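Biologist: Please show me the model, and then I will ask about the words used for it.

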Amino acid sequence: MNKSAENELNILTDRYPALSVCRDDIEAAYRLIEECYLNKGKLLAAGNGGSAADAEHIVGELMKGFKLSRTVSPEYREKLIMAEPEMGEVLAKNLQGTLPAIALDGHPALSTAYMNDCEPLLCFAQQVNGYGTENDVFLGISTSGNSKNILYAAVAAKAKGMKVVGLTGQKHSRLAELSDVCISVPDTETYRIQELHLPVYHCICLMLEHRFFEE
């Protein structure tokens, strides 16, 4: 872990002392996702309600610049301009480096078709089945840690050879049992758990950005 990534973890625990109990698990989750990206994998994230919004939020931080500009590589810039000089120049100036991530709640046509035709609780699992590969990570977000559609997706991910990261509340849960790493924030009230989830995943996204895009 580089110094900038470690510094983000220190900032997190300084600002949110209650999350100090999760520090080792946050670092372990970061390392799993770091390895995923080093191996050309991607992150698949899912949640329900506010946790679905968190999954979308995480994808937004990974798929574009967060704090860093993430300019494209000189090699890609050259290929863009060679493909079409005028538009290629615009693309080269504005595209940003990405860490591939997909929020599984964001495909309403697929989701509603599968829920209508098949088994509603397996909607996320079906997408893990379709998108998931051995180098990927599934991030399941559940304040209870017992949301059935998240658990089914976690099992599908494990069967694919993927790593599973859980983001839950304080109570022991089935998701914690299925996860390679589970970050269980120290609260039991749903909205308070969600309030602690945000700084946790912001920290992980910042750590990853420093790792892959810091010059």
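Predicted model: local features only at pLDDT ≥ 70, side-chain atom pairs only at ≥ 80, totals over all residues.

Biologist: Why are α3 and α10 called roughly parallel?

Modeller: The axes of α3 (residues 50-62) and α10 (residues 190-213) cross at roughly 20° and come within 10 Å. Angles under 35 degrees count as roughly parallel, so α3 and α10 are described that way.

Biologist: Which residues of α3 and α10 meet?

Modeller: Contact means heavy atoms within 4.5 Å. Among those in contact are D54, H57 and I58 of α3, and H197, L198 and Y201 of α10. By class, this contact has six nonpolar, six polar and two charged residues.

Biologist: What makes the space inside a cavity?

Modeller: On a 1 Å grid over the protein atoms alone, a cavity is a set of points where a 1.4 Å probe fits but cannot get out. The structure holds one of 30 Å³ or more, and the largest cavity has a volume of about 100 Å³. Of its 13 lining residues, the closest to the centre are I33, I58, L139, Y201 and I204. Lining residues have an atom within 4 Å of a point.

Biologist: Which helix gives the most to the lining of the largest cavity?

Modeller: α10 does, with five residues. By class, the lining has 13 nonpolar, no polar and no charged residues.

Notes: Residues numbered from 1 in each chain as written. Heavy atoms only, no water. Axes fitted to C-alpha atoms, helices over the stretch in contact; angles between N-to-C directions. Helix = DSSP H or I, 4+ residues; strand = E, 2+ residues; numbered from the N terminus. Parallel < 35°, antiparallel > 145°, perpendicular 65-115°, else oblique. Nonpolar A, V, L, I, M, F, W, Y, C, P; charged D, E, K, R; others polar. 1 Å grid on protein atoms, 1.4 Å probe; cavity = no way out; pocket = protein on both sides within 12 Å on 5 of 7 lines; lining within 4 Å. Points joined across faces, edges and corners; volume = space filled by probe spheres on them.
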